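Dear colleague,

Please find below the sequence and structure that I am handing over to you. My findings follow directly after them.

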Amino acid sequence: MSSRGARVGSAVVTGAGRGIGAVIAERLVARGYAVVCSDVDADAARRTSERIGAAAGVGLDVRDPEAHRRAAETAVGHAPLTAWFNNAGVGHDGRLADLAEDELRRLVEVNLLGVIWGMRAALAAFGPAGGDIVNTASLSAHGPVPGLSGYAATKAAVVSLTTSVNAETPRSVRVHALGPDGVDTDMLTAMDDAGTAKALVHSGGRILTVDEAADAAVALLGSRRVVRTLPVWRGVVSRTTALTPGTSAYAVGAFEALGRRVMAKRRRDS
């Protein structure tokens with residue numbers, strides 16, 4: 001449906017200033033949603049909104065519950081709220097013992113509490129017809145990822161939260177979590193090239209594009225799929241390693257070595 005056709009409702013996308021969030025917002029506009037692009041960088045949110053023809057671009061720090069409520073009010077002012085994407089996140093990598101206290105606090109406050117506040121705002125603002133909440137989690141939620149322990153813990157919590165809230169809401173409300181493998185975003189670029197985490201992310205071979213991740217997120221709308229990993233086979237591998245955490249730790253070295261070979265090849269080919 002064209003954005004110039006009949007509205008199918010409004011939607012809020014957090015972290016829409018760039019990356020996956022910006023593409024999600026663009027896809028929703030194309031489907032006919034009145035989209036509120038939100039980001040902690042208000043200027044980036046407005047630029048995305050203007051570029052794609054969204055309803056509004058607003059500043060939103062996901063750590064602030066009231067900011068979520070204001071975004072919901074803005075969306076409802078355009079059309080009934082029917083979709084909410086909790087996409088904003090941060091990804092400090094490094095061993096748990098080496099991360100700074102403010103980095104650990106930010107991981108929890110943005111990646112977990114930010115999703116909680118967003119979900120509460122969406123649930124309060126949905127009308128009788130209900131709607132969809134899509135939470136951007138991560139493949140790291142499903143198994144051990146040394147070097148990303150803090151990040152992975154927050155994403156595992158998002159998956160747990162998603163499944164529980166989906167079970168406690170009426171059938172008119174559908175809650176989903178998307179767990180993509182490594183995506184070609186600024187977050188991945190900023191990771192330590194020498195760190196274990198970046199090598200493990202690359203061990204899957206091909207890095208996903210932001211378009212692939214965004215399309216998978218939008219495809220969850222209206223479905224009963226609660227948790228989806230991308231690609232599926234990596235999800236199977238991650239869940240398998242999680243079943244035997246005591247022994248799977250020994251496989252980390254092999255995956256890290258594979259990832260470093262992939263990274264080296266990418267450098268040679270670039």
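Please bear in mind that the model is a predicted one. Ala79 lies in the loop that runs between α3 (65–76) and β4 (81–86). Leaving aside residues up to four places away in sequence, Ala79 touches Gly9 and Ser10. The C-alpha atom of Ala79 is separated by 8.7 Å from that of Ala11, although the two residues are 68 residues apart along the chain.

How are two packed helices described? The description consists of the angle between their axes and the distance between the axes. For α3 and helix α4 (residues 101–125), the angle is about 35° and the axes are 9 Å apart. The crossing of α3 with α4 is right-handed. On the α3 side, the contact involves Pro65, His68, Arg69, Ala72 and Val76, which meet Gly114, Trp117, Gly118, Ala121 and Ala125 of α4. By class, the residues of this contact comprise 6 nonpolar, 3 polar and 1 charged.

A second pair of helices was also examined. Helix α1 (residues 19–31) and helix α8 (residues 210–219) have axes that come within 8 Å and cross at roughly 50°. This angle makes α1 oblique to α8. The crossing of α1 and α8 is likewise right-handed. From α1, the residues in contact are Gly19, Ile20, Val23, Ile24, Arg27, Leu28 and Arg31; from α8, they are Val210, Asp211, Ala213, Ala214, Asp215, Ala217 and Val218. This contact of α1 with α8 has 9 nonpolar, 1 polar and 4 charged residues.

The last item concerns a residue in a strand. Asn135 belongs to strand β5 (residues 131–136). Is Asn135 buried or exposed? Its relative accessible area is 0%, so Asn135 is buried. Which side chain forms a polar contact with that of Asn135? The partner is Thr162, and the polar contact between the two side chains is 2.9 Å. Beyond residues up to four places away in sequence, the residues that Asn135 touches are Asn86, Val115, Met119, Val158, Thr162, Val175, His176, Ala177 and Leu178.

With kind regards

Notes
Residues are numbered from 1 along each chain as its sequence is written. This is a predicted model: local features need pLDDT of at least 70, side-chain atom pairs count only at pLDDT 80 or more; totals for chains, interfaces and linings use all residues. Side-chain values use heavy atoms; hydrogens and water are left out. Axes are lines fitted to C-alpha atoms, for helices over the stretch in contact, and angles run from 0 to 180 degrees between N-to-C directions. Helices (H or I, at least four residues) and strands (E, at least two) are DSSP runs, numbered from the N terminus. Angles under 35 degrees count as roughly parallel, over 145 as roughly antiparallel, 65 to 115 as roughly perpendicular and the rest as oblique. A crossing is left-handed if the near helix is turned anticlockwise from the far one by less than a right angle, and right-handed if clockwise. Contact means heavy atoms within 4.5 Å. Ala, Val, Leu, Ile, Met, Phe, Trp, Tyr, Cys and Pro count as nonpolar, Asp, Glu, Lys and Arg as charged, and the others, Gly among them, as polar. Buried means under 20% relative accessible area, exposed over 50%, partly exposed in between (1.4 Å probe, protein chains only). A polar contact is a pair of N or O atoms within 3.5 Å; within protein, one must be able to donate a hydrogen and the other to accept it, and residues adjacent in sequence count only if both atoms are side-chain atoms.
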